[in-house]
Amino acid sequence: MTIPETVHDYSRFAAQSFIQTAVFVDDRIYFRSTSAEDEPKKVIGPKIRKKISRSAPAAVDQSAVASSTTLEEDPAPDSYDIVNSFAKKQIVCSLYQPKKEAKVSPASDIFPLCRAADVVIVDWDLFGDKGERARELIDGLIAQAVRDVPEQLRLILVYTQEANLFGVANEIYEKVHPTIGDSFQPLPEEDGLAFHTENSRIAVLGKPGRERADTDARHIVDEADLADIAIREFAKLASGILHAATLLGLSEIRKNSRKILSRFSSDLDPAFLTHLAMCLPEEDASSHVIPLLVSEIEAVLEDALPAPLVPEKLLKDWCKNVWQPGAHLDQLFGQNGLDHRKIAEDICAKGFKQAQKENNAIPNMNAEKDRTKKVRRASKILLPKEDSDSHHRFSHLMASRTFYGDGSRVLKLGSIVHDRDQDQFLLCIQPICDSVRLKEPRVFVFVQMSKGGPDNGNSASHVIFKSDNSAIELVYHPKSYLCFATKFTPEKASQEVVAGKDENDELYFTDSEGKRYYWIDQLRTSHAQRAVERFASDLSRVGLTESEWLRRLEGK
């Protein structure tokens, strides 16, 4: 696998590798009806809204539009061109022609098909309904992605013969905005003809053969080019180096799914069931499948993805063409006139240590004096603005377990809780084996964590995000005199200490005395184990008497 050298091409390459399915919805796929019901389509006049800046071009003569509202019948799409354009990209494209009376609500036949697809292409005017069903389908898919499956990425392309694409975009906005709120806004860089939510993108595209006032040519697409445009638009939905690398990893897992399955063939069932039976009744070994699967997925990623995953030429392109230097850089460097892009390129390609040797304007992170402050100062160079929380979010991603569902939270090794009465954060260091299969109340051990941050100069050992999405840096103190222990009663069914919910749906654990400890975060296993190792090392220190002269010479 050869990684492209620009971020733009890298994103498109990853998108093409990831996309597997598309569905094209049109009322003229298999035949062209000549019945009286299929009246010539009408052009919808531009609708003026300030939300979409180019939705009502002043130069358009409304009387001229009205005099030309009768169009020739919308030609049937070329099914071969559409399917073939996706086939060349190794993407399966389904053609779907609904019945005239078909519904598009979440309970309809068409909705599950569109819900399962990576790309949905829908004709605006289905059986002369002037976009009614298209709007309802789009609104349902966007709402479903936000509320039910927020992890799913989906691209929706509205492919229309309408002369006024801005009017179509306005009607989509008016339908979807009340459903999900201000997170749904038109993109100015796309002339207001595209919308981008956290996990979905909607773009309005015009079919060729019509004159469209004030419409950029990039919004007009031939049927044979639909696959290329779909990849281009999907790449905008998941743009950036980390996004692209993640999509590549997910696509490799898909490609190697059969190999992974072969490692868990049915002839291993007797051995697995024997293993499970030997663990019962003390332990249910069903959960042992998860780490086995994780290790196989990890092996696929290590073997299938190229190394380096982010090559030097890609880094240089990011610095030159993607990165936008923040206004804080002149103040950060203490001087004006520096080539910020050259500094960023040197840092990304050579590393901070070497770049600092060549340019003393870059803070020396290895300096002995005020090292923590200099690390914080140097780490701001690539940030878009000085107060960005990017480092906090990335640190949290690396250290904390992600929860993808609404499952329960269990008190165990690595759980971070908050004692609101004392405003004290506590890290659970209870061994895993002592927090499961509990039949009676059990004492749990915690170690205190204090608040850190740039004001006091402390080095944070972990970052958490509170319920209001504010970041807090915590410093872990592996000291025996900062231990805390209290007793919790397990849930009878799971035999674990499970969090409940308060009146605000916040999760908390209640000890045997009725005091609440609010669940805040869960460390990944490796990070939790490191915390325990540091605590154990502190406990194992040897105290002895020796010559003070010798002790000081040894720097003790």
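Reader: How do α1 and α8 lie relative to each other, roughly parallel or roughly perpendicular?

Author: Two packed helices are described by the angle between their axes and the distance between the axes. Here the axes of helix α1 (residues 7-18) and helix α8 (residues 241-255) come within 8 Å and cross at roughly 25°, and α1 and α8 are therefore roughly parallel to each other. Axes are lines fitted to C-alpha atoms, for helices over the stretch in contact, with angles running from 0 to 180 degrees between N-to-C directions; under 35 degrees counts as roughly parallel, over 145 as roughly antiparallel, 65 to 115 as roughly perpendicular and the rest as oblique. Helices (H or I, at least four residues) and strands (E, at least two) are DSSP runs, numbered from the N terminus. This is a predicted model, in which local features need pLDDT of at least 70 and side-chain atom pairs count only at pLDDT 80 or more, while totals for chains, interfaces and linings use all residues. Residues are numbered from 1 along each chain as its sequence is written, and side-chain values use heavy atoms, with hydrogens and water left out.

Reader: Which residues in α1 and α8 meet?

Author: Contact means heavy atoms within 4.5 Å. Val7, Tyr10, Ser11, Phe13, Ala14, Ala15, Ser17 and Phe18 in α1 meet a set in α8 that includes Ile241, Leu247, Leu248 and Arg254. By class, this contact of α1 with α8 has 12 nonpolar, 3 polar and 1 charged residues, where Ala, Val, Leu, Ile, Met, Phe, Trp, Tyr, Cys and Pro count as nonpolar, Asp, Glu, Lys and Arg as charged, and the others, Gly among them, as polar.

Reader: At what angle do α1 and α7 cross?

Author: The axes of α1 and helix α7 (residues 226-237) come within 8 Å and cross at roughly 115°, and α1 and α7 are therefore roughly perpendicular to each other. On the α1 side Ser11, Arg12, Ala15, Gln16 and Phe18 take part, and they meet Asp228, Ile231, Arg232, Phe234 and Ala235 in α7. By class, the contact of α1 with α7 has 5 nonpolar, 2 polar and 3 charged residues.

Reader: Which residues touch the most other members of the largest nonpolar core?

Author: A nonpolar core is a set of buried Ala, Val, Leu, Ile, Met, Phe, Trp, Tyr and Cys residues joined through side-chain atoms within 4.5 Å; buried means under 20% relative accessible area, exposed over 50%, and partly exposed in between (1.4 Å probe, protein chains only). The largest such core has 41 residues, of which Tyr10, Phe24, Phe86, Ile121, Leu226 and Phe234 touch the most other members. Among the elements giving two or more residues to this core are α1, α7 and α8, and α7 gives the most, with 8 residues. Leaving aside its neighbours within four places in sequence, Ile121 is in contact with Val23, Phe24, Val25, Phe86, Leu157, Tyr159 and Leu226.

Reader: Is Gln356 buried or exposed?

Author: Gln356, which is in helix α15 (residues 352-358), has a relative accessible area of 17% and is therefore buried. Cys433, in the loop between β8 (424-428) and β9 (442-451), counts as exposed at 51% relative accessibility.

Reader: How much of the protein do buried residues make up?

Author: Buried residues make up 41% of the 556 residues in the protein, which has 19 helices and 15 strands.
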